[in-house]
Amino acid sequence: MIEIRRLTELDQFTEAVHLQQEIWGFLDIELLPARLFVVANKIGGHLFGGYDGDRMIAFLVAIPGLKEASRGYLHSHMMGVLPEYRNQGLARALKMAQKRDAVQRGIALIEWTFDPLELKNAYFNIEKLGAIMRRYLFNNYGTTSSRLHTGLPTDRLVAEWWVEQPRAAAPPIEARVAIRSDIAELRATDPAAAREIQLRASEEFTEHFTKGLAVVGFERSDDAGTYLLGPWHPHSQ
């Protein structure tokens, strides 16, 4: 039986560091060190782990942030699940623990970044959690050693999860950005073609965001994953 636990001890933080190596294959220099987990725990962030018995199989770490007008939020910096435990609702369980903690503390916004070429993550973030996106970051982390990044620039969308303000069920759609459904295979077999898709998507996203649109929905088909964009204005801003 999988259990979600809050992480508070150094040995737990060290275990989460080891999980990073297993999941992403990072070089040591690219790992979040245990010291960062210690600091996040002390300064108002939060850390959760997924456990199968005594074994940590997933983790999530968030750090506090500050926006204009002294408005606080949480930056959910990293979440990872071991491959053999994916597709079992563990990511959602971790995010729901994160949401409950934020609501209890009066924190309205949780943000994180994700790769727009990862269509499964996009569907989860947009359709399962109800996050929206209004910002595109170019090569946010530089080129990394992770086998999951396949040598491409680490372009990212910024997900905004307004935990006390559900997104409209059927917002008006004014634009679309489609990504081929075989992009994961293409990244492994033809990185140059995957890079072309990434470049095109970056141009389309930035054009739509410049016009004030936000990602407010996501559709899946056999051929593509399609980001749906329309107007969105949070009442809390």
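Trainee: Which residues are linked in a network of salt bridges?
Mentor: Lys67, Glu111, Arg134, Arg135 and Glu160. Bear in mind that the model is predicted.

Trainee: What do the side chains of Arg135 and Glu111 do?
Mentor: They meet in a salt bridge, 2.6 Å from N to O. Arg135 is in strand β6 and Glu111 in strand β5, 24 residues apart.

Trainee: Is Glu111 buried or exposed?
Mentor: Buried, at 4% relative accessibility. Arg135 is partly exposed, at 32%.

Trainee: And Glu160, where is that?
Mentor: In strand β7, residues 156-162. Its side chain makes a polar contact of 2.7 Å with the side chain of Arg134. Glu160 counts as buried because its relative accessibility is 2%, and the cut-off for buried is under 20%.

Trainee: How many salt bridges does the count come to?
Mentor: 15. One of them joins Asp115 and Arg156, with the closest N and O atoms 3.9 Å apart. Asp115 lies in the loop between β5 and α4 and Arg156 in strand β7, so the pair ties together parts 41 residues apart in sequence. Asp115 is buried at 8%, and Arg156 is buried at 7%.

Trainee: What about Glu219 and Arg176?
Mentor: Another salt bridge, 3.0 Å from N to O. That pair links strand β9 with strand β8, 43 residues apart. Glu219 is partly exposed at 38%, and Arg176 is partly exposed at 47%.

Trainee: New topic. Which residues gather in a patch of positive charge on the surface?
Mentor: Arg86, Arg92, Lys120, Lys128 and Arg220. Lys128 is in helix α4 and is partly exposed, at 46%.

Conventions:
Residues numbered from 1 in each chain as written. Predicted model: local features only at pLDDT ≥ 70, side-chain atom pairs only at ≥ 80, totals over all residues. Heavy atoms only, no water. Patch = residues over 30% accessible without salt bridge, like charges linked within 9 Å, V, L, I, M, F, W, Y side chains within 5 Å. Areas by Shrake-Rupley, 256 points an atom, 1.4 Å probe, with all protein chains shown as cover. Salt bridge = Lys/Arg side-chain N within 4 Å of Asp/Glu carboxyl O. Lys, Arg positive; Asp, Glu negative; His and termini not counted. Charge placed at Lys NZ, Arg CZ, Asp CG, Glu CD. Helix = DSSP H or I, 4+ residues; strand = E, 2+ residues; numbered from the N terminus. Buried < 20%, exposed > 50% of the residue type's maximum accessible area, 1.4 Å probe, protein only. Polar contact = N/O pair within 3.5 Å; in protein donor to acceptor, adjacent residues only side chain to side chain.
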